[in-house]
Amino acid sequence: MNRKLDSKEVQRILAHQKNNVDMYIFVKKEDVVDGNEYYFLGKAHYLEGTAEETTMPNEKKDNIVTMTLSMETPVKDEIYRYIIEE
């Protein structure tokens with residue numbers, strides 16, 4: 001995983017609204033035994049000016065891009081709690 005602000009994948013996300021491309025968010029709960037369950041959270045929009053290059057806090061210090069997304073519809077409370085609780 002080596003992402004920078006000028007990566008093609010990142011640029012597509014940053015320009016998704018300008019290009020009329022919908023962005024749907026799926027998440028995976030880390031501690032799921034089989035690791036194959038994803039949860040649909042809904043449609044989101046990138047908040048302009050929030051993307052930043054940084055590094056993962058791991059041994060490799062992988063380059064990543066973080067950004068703030070705004071959900072079009074609030075995430076259902078029961079799904080949110082299930083995902084964040086251990």
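Here are a few questions and answers about this predicted model.

Me: Why is Lys-29 called buried?
Reply: Its relative accessibility is 8%, and buried means under 20%, so Lys-29 counts as buried.

Me: Where does Lys-29 sit, and what is it in contact with?
Reply: Lys-29 is in the loop between S1 and S2. Leaving aside its neighbours within four places in sequence, Lys-29 is in contact with Glu-37, Tyr-82, Ile-83 and Glu-85.

Me: What makes the pairing of the Lys-29 side chain with the backbone oxygen of Tyr-82 a polar contact?
Reply: A polar atom of that side chain lies 2.6 Å from the backbone oxygen of Tyr-82, and the cut-off is 3.5 Å. The backbone oxygen of Glu-85 is 2.7 Å from a polar atom of the Lys-29 side chain, so that distance is within 3.5 Å too.

Me: Which residues make up the largest nonpolar core?
Reply: There are eight: Val-10, Met-23, Ile-25, Leu-41, Ala-44, Tyr-46, Ala-51 and Val-65. Strands S1 (23-28) and S2 (38-46) are the elements that each give two or more of them, and S2 has the largest share, with three. In soluble globular proteins, nonpolar side chains tend to be buried together.

Me: How do you know what kind of lining the largest pocket has?
Reply: Sort its lining residues: seven are nonpolar, with no polar and no charged ones. They are Val-10, Ile-13, Met-23, Ile-25, Val-65, Met-67 and Leu-69. Helix H1 (8-14) and S1 are the elements giving two or more residues to that lining. As for volume, the pocket has about 160 Å³.

Conventions. Residues are numbered from 1 along each chain as its sequence is written. This is a predicted model: local features need pLDDT of at least 70, side-chain atom pairs count only at pLDDT 80 or more; totals for chains, interfaces and linings use all residues. Side-chain values use heavy atoms; hydrogens and water are left out. A nonpolar core is a set of buried Ala, Val, Leu, Ile, Met, Phe, Trp, Tyr and Cys residues joined through side-chain atoms within 4.5 Å. Buried means under 20% relative accessible area, exposed over 50%, partly exposed in between (1.4 Å probe, protein chains only). Helices (H or I, at least four residues) and strands (E, at least two) are DSSP runs, numbered from the N terminus. A polar contact is a pair of N or O atoms within 3.5 Å; within protein, one must be able to donate a hydrogen and the other to accept it, and residues adjacent in sequence count only if both atoms are side-chain atoms. Contact means heavy atoms within 4.5 Å. On a 1 Å grid over the protein atoms alone, a cavity is a set of points where a 1.4 Å probe fits but cannot get out, and a pocket is an open set with protein on both sides within 12 Å along at least five of seven lines; lining residues have an atom within 4 Å of a point. Grid points are joined across faces, edges and corners, and a volume is the space filled by probe spheres set on the points. Ala, Val, Leu, Ile, Met, Phe, Trp, Tyr, Cys and Pro count as nonpolar, Asp, Glu, Lys and Arg as charged, and the others, Gly among them, as polar.
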